Amino acid sequence: MKEMLINVEPRTEFGKNPSRRLRRAGMIPGIVYGSGKPPVPITVDPKQVEKVLHSESGMNTIFMLHLVGKDQRRYAMIKACQVDPVSSRLQHTDFIRIQMDETIQVNVPVQTVGEAPGVKLDGGILDMPLREIRIECLPSHIPDTIRVDISNLKIGDNIRVADLKVEGDFRILTDPNQTVAVVAPPAKEEEVVAAPVAEVTEPEVIKKGKAASEEAEAGEEPAAKEAKPEKEKKEPRKEG
C-alpha cells in the first residue's frame, strides 16, 4: 500500500465568516473524528485532499494525517467532502481515524472485464444496476476495484453479487441477490404513423351565410330596372 501524507493544522475560529476567510486564503475547514476520541477541527489545503480523491483508490485511500503544531501522526481516510455546486471547489472535508488492526466497512467500485457477446454481436444494452459493492476488511486489504467478467453475457443474461468470483481477504456485505450487470435487448424503433389528414369543410354558419347571400343576389332586381307606373292618358275636352 502506497503511503500518502496530508498536513493539517488545528482550527480555532468557527462560523461562516472565518470559514470564508479561510477559503479566500486557499485553505478549507475540516474535522477529524473516530477511534473513540474527541473530534478535532482542522484546516487543510484542498489540493492535498484532491490528490487523494484522484488517486487510484479514491475515497478508500489510507494515508497518514499529520497534525502540524502538535506533531501527531495517525492513519486516516476521507469520510465525506462538501463541494460547491457552482464552482465544484472543495468547501469542507471530514476525516476519520483508522486503526490498521481493526476491520472497517467501505464501498468499492465495480469494474467490468471483457466484452459481452450480447452487446457486441446482437446489439444488446449493458446495464449496471450496481456500481459499488460494500465490503468489510482490514484497511490494508481494501481492493481498488471489484472486477466483474461480462465476456459470457448474452441478451437476457445477468450477474448477481453471489456470482462474483473475487480474490482478496475481505467479506462482501451487499445482498447476494442484487444484480450487478445485465444485458438487455436492443431498444425497438417505434414506427411513426402519420395521422390521416381530415377533409377541410367550411363551417355550417358560413355555408348558411353564403347560401343566403347567393339567394339574395339571385332574387334581387336593381332599383334602376324597376317598372315605372304608366302615366294616365288625358281624354280630350268636349266643347259644348
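Visitor: So, is asparagine 60 buried or exposed?

Guide: This is a predicted model, so keep that in mind. In it, asparagine 60 counts as buried because its relative accessibility is 10%, and the cut-off for buried is under 20%.

Visitor: Where is asparagine 60 found?

Guide: In the loop between helix H2 (46-53) and strand S4 (63-67).

Visitor: And what lies 2.8 Å from a polar atom of the asparagine 60 side chain?

Guide: The backbone oxygen of asparagine 107. Beyond four places in sequence, asparagine 60 also has contacts that include Met77, Val106, Val108 and Ile142.

Visitor: Switching topic: which residues touch the most other members in the largest nonpolar core?

Guide: Ile133, Ile135, Leu164 and Val180, out of 25 residues in that core. Strands S7 (104-113), S9 (132-137), S10 (146-149) and S13 (179-184) each supply at least two of its residues.

Visitor: Which strand gives the most?

Guide: S7, with four residues.

Visitor: What does isoleucine 133 touch, then?

Guide: Leaving out residues up to four places away in sequence, its partners include Val106, Val108, Val110, Ile146, Leu164 and Val180. There's also a second, separate core of 16 residues, with Val8, Val52, Leu90 and Phe95 among them.

Visitor: Last one: where does pLDDT stay under 50?

Guide: Over residues 205-233, and the model has one contact beyond four places in sequence for that stretch. For the protein chain, the mean pLDDT is 82, with 78% of residues at 70 or more.

Key. Residues numbered from 1 in each chain as written. Predicted model: local features only at pLDDT ≥ 70, side-chain atom pairs only at ≥ 80, totals over all residues. Heavy atoms only, no water. Core = buried A, V, L, I, M, F, W, Y, C linked by side-chain atoms within 4.5 Å. Buried < 20%, exposed > 50% of the residue type's maximum accessible area, 1.4 Å probe, protein only. Contact = heavy atoms within 4.5 Å. Polar contact = N/O pair within 3.5 Å; in protein donor to acceptor, adjacent residues only side chain to side chain. pLDDT = per-residue confidence, 0-100.
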